[in-house]
Amino acid sequence: MEIINTIKDTALIFEGGGMRGSYTAGFLTNLLENEIYIDYVAGISAGSSHTVNYLSRDPERARRSFVEIVLDPRFGGWRSFFKGEGFFRSQYLYEETPYPNSSLPFDFKTFMANPARVRIGAFERDSGEMRYYTKADIHDLQDLMKIVRCSSSMPIFMPPTYYGEHCYVDGGLGGGIALDIAKKDGLKKFFVILSREKGYRKKPLKFSRTIKAYYRKYPLVAEAMLKRHIVYNQVLDELEQLESKSKAFLVYPEVMPVSSRELNYNRLAASYQLGYDQGRRDLPKWKEFLGIG
């Protein structure tokens with residue numbers, strides 16, 4: 001199986017955002033439907049799910065991962081949260097659903113055959129540092145989905161994920177937008193799919209004392225949570241500067257009708273449709289930036 005990527009000078013970056021990924025899955029579908037195949041893809045948290053679905057060229061799975069999945073009684077919710085399994089049951093979602101004959105089978109063969117560089121960011125709990133996994137770290141489907149789970153383990157709402165000799169929490173603690181690794185890897189042009197409307201800036205977390213108490217054994221997690229708004233807003237400022245120089249194209253949702261923890265199927269389905277429709281309208285602008293006809 002030969003897979004060819006036609007755009008080799010640009011980084012495709014997917015922001016996270018939990019179930020806001022229902023909207024950005026509509027953007028992803030437009031990319032694949034129009035054969036916009038980019039050779040470098042990075043994602044964090046929910047953006048890591050988009051990353052692997054994009055590279056396996058599976059828009060159907062991208063949509064189902066953020067829409068139909070809530071109809072699965074094993075998906076999560078407050079009951080599973082209070083049982084200690086997480087608001088989103090990550091063990092089930094990432095390590096049981098991707099196999100054949102399960103609810104979200106993943107095309108691992110196509111993913112591995114795709115020559116694009118991949119970067120998936122996770123926050124290492126004890127060192128307080130970001131770890132970006134690459135394809136060299138992935139040997140089988142279990143490896144890949146464990147890494148995606150590491151990237152997506154939302155603080156407080158999901159248990160941390162142990163992988164190898166380390167423990168990880170959501171890569172969003174490192175900022176949430178993988179611009180840093182793309183720049184480090186030498187990319188100069190960035191196509192960034194964001195999950196907040198244009199002009200959004202993150203505000204400081206409330207209840208700082210409670211967060212420090214909750215993570216008293218892991219102070220670097222608490223510190224990262226309390227500083228995240230600063231790092232995140234700095235990245236947005238930098239992206240806007242890059243955009244002003246025509247070095248970045250920022251894809252913002254026109255509206256964001258759902259929260260990161262949305263569980264209502266109808267609202268998620270409507271969110272996806274809004275993203276898909278916006279993507280169809282904006283497609284000529286995307287192609288112009290990417291230099292394709």
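**Figure 1. Cavities in the predicted model.** The structure holds two cavities of 30 Å³ or more. A cavity is a set of points, on a 1 Å grid over the protein atoms alone, where a 1.4 Å probe fits but cannot get out. Grid points are joined across faces, edges and corners, and a volume is the space filled by probe spheres set on the points. This is a predicted model: local features need pLDDT of at least 70, side-chain atom pairs count only at pLDDT 80 or more, and totals for chains, interfaces and linings use all residues. Residues are numbered from 1 along each chain as its sequence is written, and side-chain values use heavy atoms, with hydrogens and water left out.

**Figure 2. The largest cavity.** Its volume is about 290 Å³. Lining residues have an atom within 4 Å of a point. There are 20 of them here, and Ser-49, Ser-65, Phe-66, Leu-93 and Tyr-94 are the closest to the centre. The lining has 14 nonpolar residues, five polar and one charged. Ala, Val, Leu, Ile, Met, Phe, Trp, Tyr, Cys and Pro count as nonpolar, Asp, Glu, Lys and Arg as charged, and the others, Gly among them, as polar. Three helices, α2 (46-55), α5 (90-95) and α7 (141-152), each supply at least two lining residues. Helices are DSSP runs (H or I, at least four residues), numbered from the N terminus.

**Figure 3. The second largest cavity.** This space is about 40 Å³. Among the residues that line it are Glu-15, Arg-196, Tyr-232 and Tyr-252. The lining has five nonpolar and five charged residues, and no polar ones.

**Figure 4. Helix α2.** Ten of the ten residues of α2 are buried, so the helix is largely enclosed by the rest of the structure. Buried means under 20% relative accessible area, exposed over 50%, and partly exposed in between (1.4 Å probe, protein chains only). The buried residues include Ser-49, His-50 and Tyr-54. Arg-57 follows α2 and has a positive phi, near 55 degrees.

**Figure 5. Helix α7.** Twelve residues make up α7, which reaches 16 Å from its first C-alpha to its last, close to the 16 Å expected at 1.5 Å a residue. The expected span is 1.5 Å times one less than the number of residues. Eleven of the twelve residues are buried, so α7 is largely enclosed by the rest of the structure. Leu-141, Lys-146 and Cys-150 are among the buried ones. At the helix start, a side-chain oxygen of Asp-140 comes to within 3.3 Å of the backbone nitrogen of Gln-142.

**Figure 6. The largest pocket.** A pocket is an open set of points with protein on both sides within 12 Å along at least five of seven lines. This one holds about 880 Å³ of space. It is lined by 32 residues, and Lys-202, Leu-205, Arg-228, Ser-260 and Arg-261 lie nearest its centre. Helix α10 (residues 219-244) gives the most to the lining, with four residues. By class, the lining has 13 nonpolar, ten polar and nine charged residues.

**Figure 7. Ser-102 in its loop.** Ser-102 sits in the loop between α5 and α6 (108-113). At 28% relative accessibility, Ser-102 counts as partly exposed. Ser-102 touches Glu-96 and Thr-97, not counting residues up to four places away in sequence. Contact means heavy atoms within 4.5 Å. The side chain of Ser-102 reaches the backbone oxygen of Glu-96 at 3.0 Å and that of Thr-97 at 3.5 Å.

Notes
Polar contact = N/O pair within 3.5 Å; in protein donor to acceptor, adjacent residues only side chain to side chain.
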